[in-house]
Amino acid sequence: MTANPVSVNSHACLISPEIGQSSLANPSKRIAPTHPPLKLGVLASGSGSNFEVIAQAIQNQQLNAQIPVLIYNNPEAKAAARAEKYGIPSIILNHRDCKSREELDTKIVKTFQEYDVEWVVMAGWMRIVTKVLLDAFADRVINIHPSLLPSFPGIRAVEQALAAKVKITGCTVHIARLEVDSGPILMQAAVPVLPDDTTETLHARIQVQEHKIMLGAIALIADSNRKYCD
């Protein structure tokens, strides 16, 4: 079965630490699944903290989803060890072994199709994706970015926010498009910038909110998929 693309226009929301947290972004109750779990293929390049948050929520029965496979591109990525901890298969597809971005994405698509993946989650995936991946999983690739898009797209978003001296920044989960850090927004969280913030302190607080809205966005997708199945 092909997963139903979520209706993003009706679900976008803003979560602010000052006004409380959405229950979708911070699921605390176990759910009793009545439909098959959503199959998520996860892409990660680094520590895999967002990946582990998803895996833990699934293990705790807070998300009706499963992760058939994790793909990582950096041999030093700690995400692979996190996957082993949860008994999730992990496969390295090193971009350095590919002649083009399209070749890498072709390998990713083939792997995800072999594992019957329905949605793709870029959880700290530090590679620009191409039409190969986006066409294979049309409107079913989500990305998380450490800013309130459309502000500060691209690399070093936290540094960009500090350089601009904004008072509020945050993070965004969105449907991926060819243009970097663009596409329909699923969920955002606002994070205040403190006068003494450094890149490290601000990033740490943003990451706390990233974990919450990543779960919230996947919950929205799973709910949309459930309604489609009904």
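This is a predicted model: local features need pLDDT of at least 70, side-chain atom pairs count only at pLDDT 80 or more; totals for chains, interfaces and linings use all residues.

Let me begin with strand S6, residues 141–145. Of its 5 residues, 5 are buried, so the strand is largely enclosed by the rest of the structure. In a regular strand, side chains alternate between the two faces of the sheet. In S6 both faces are covered: Val 141, Asn 143 and His 145 are buried on one side, and Ile 142 and Ile 144 are buried on the other.

Which strands pair with S6? Strand S5, residues 119–122, pairs with S6 in the parallel sense over 3 bridges. The chain passes from S5 through helix H4, residues 131–136, to S6, and this β-α-β crossover is right-handed. Strand S7, residues 168–175, runs antiparallel to S6 and is joined to it by 4 bridges. Asn 143 takes part in both pairings: Met 122 stands opposite Asn 143, and in S7 the bridge partner of Asn 143 is His 174.

I turn now to helix H3, residues 101–114. Its 14 residues reach 20 Å from the first C-alpha to the last, close to the 20 Å expected at 1.5 Å a residue. Buried in H3 are Leu 104, Asp 105, Ile 108, Val 109, Thr 111 and Phe 112. Seen down the helix axis, the buried residues fall within an arc of 165°, so they line one face of H3. They pack against strands S2, S3, S4 and S5 and against helix H4. On the other side of H3, Lys 110, Gln 113 and Glu 114 are exposed. After H3 comes Asp 116, with a positive phi near 60°.

Conventions: Residues are numbered from 1 along each chain as its sequence is written. Side-chain values use heavy atoms; hydrogens and water are left out. Buried means under 20% relative accessible area, exposed over 50%, partly exposed in between (1.4 Å probe, protein chains only). Helices (H or I, at least four residues) and strands (E, at least two) are DSSP runs, numbered from the N terminus. Two strands pair if DSSP finds at least two bridges between them. A crossover is right-handed if, with the strands pointing away from the viewer, the path from the first strand over the helix to the second runs clockwise. The expected span of a helix is 1.5 Å times one less than its number of residues. The arc is that of the directions from the helix axis to the C-beta atoms. Contact means heavy atoms within 4.5 Å.
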